[in-house]
Amino acid sequence: MVVEILRQREHIVELLGKIRDLNTGWAEDDRIRMTSENLALKRTVRDQETGVRSLADKLAAAREDNRFADRPIAEPQLGQGNEVGQHSANGKP
């Protein structure tokens, strides 16, 4: 039990030292610059996500158009096949 408490205290001291190092390692100008760059990167990511969604929508629309474009070509072929089937079923050419 005592060993565990000592281990936790050592860990807390280590973490507090890391926090102190992080706080003193950056000047205010560096923090402002990094915050500005972070915001710019977030905007870029948001813009790219919007672009990806737009392109995905265009691709889906193009696939849908292509599917409907194939349908009129296939329908007359089906109609011809039905007529041939009807003639042979009736025994007439």
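**Figure 1. Glu64 and Arg67 in helix α2.** Glu64 and Arg67 stand 3 residues apart in helix α2 and are therefore separated by about one helical turn; helices (H or I, at least four residues) are DSSP runs, numbered from the N terminus. The two residues form a salt bridge whose closest N and O atoms are 2.5 Å apart. A salt bridge is defined here as a side-chain nitrogen of Lys or Arg within 4 Å of a carboxyl oxygen of Asp or Glu. Glu64 is partly exposed, with a relative accessible area of 34%, and Arg67 is likewise partly exposed, at 43%. Partly exposed denotes the range between buried (under 20% relative accessible area) and exposed (over 50%), with a 1.4 Å probe and protein chains only.

**Figure 2. Overview of the predicted model.** The structure is a predicted model, in which local features need pLDDT of at least 70, side-chain atom pairs count only at pLDDT 80 or more, and totals for chains, interfaces and linings use all residues. Residues are numbered from 1 along each chain as its sequence is written, and side-chain values use heavy atoms, with hydrogens and water left out. The protein chain contains 2 helices and 0 strands. Of its 93 residues, 1% are buried. The chain exposes about 8600 Å², of which carbon and sulfur atoms supply 59%; accessible areas come from the Shrake-Rupley method with a 1.4 Å probe, and for residues only the protein chains shown count as cover.

**Figure 3. Salt bridge between Arg7 and Glu4 in helix α1.** The closest N and O atoms of Arg7 and Glu4 lie 3.5 Å apart in this salt bridge. Helix α1 spans residues 2-24, and the pair, 3 residues apart within it, is separated by about one helical turn. Glu4 counts as partly exposed, at 39% relative accessibility.

Figure 4. Side chains of opposite charge can pair when their charged atoms come close. Glu28 forms a salt bridge with Arg31, with the closest N and O atoms 3.7 Å apart. Both residues belong to helix α2 (residues 28-90), where they are 3 residues apart, about one turn of the helix. Arg31 is partly exposed, at 33% relative accessibility. Salt bridges also link Asp30, Arg33 and Glu37 in a network. The count comes to 6 salt bridges.

**Figure 5. Nonpolar surface patch of Ile12, Leu16 and Ile19.** Together, Ile12, Leu16 and Ile19 present about 290 Å² of accessible area in this patch. Patches are made of residues with over 30% relative accessible area and no salt bridge; like charges are joined within 9 Å, and nonpolar side chains (Val, Leu, Ile, Met, Phe, Trp, Tyr) within 5 Å. Ile19 is found in helix α1 and is partly exposed, with a relative accessible area of 46%.
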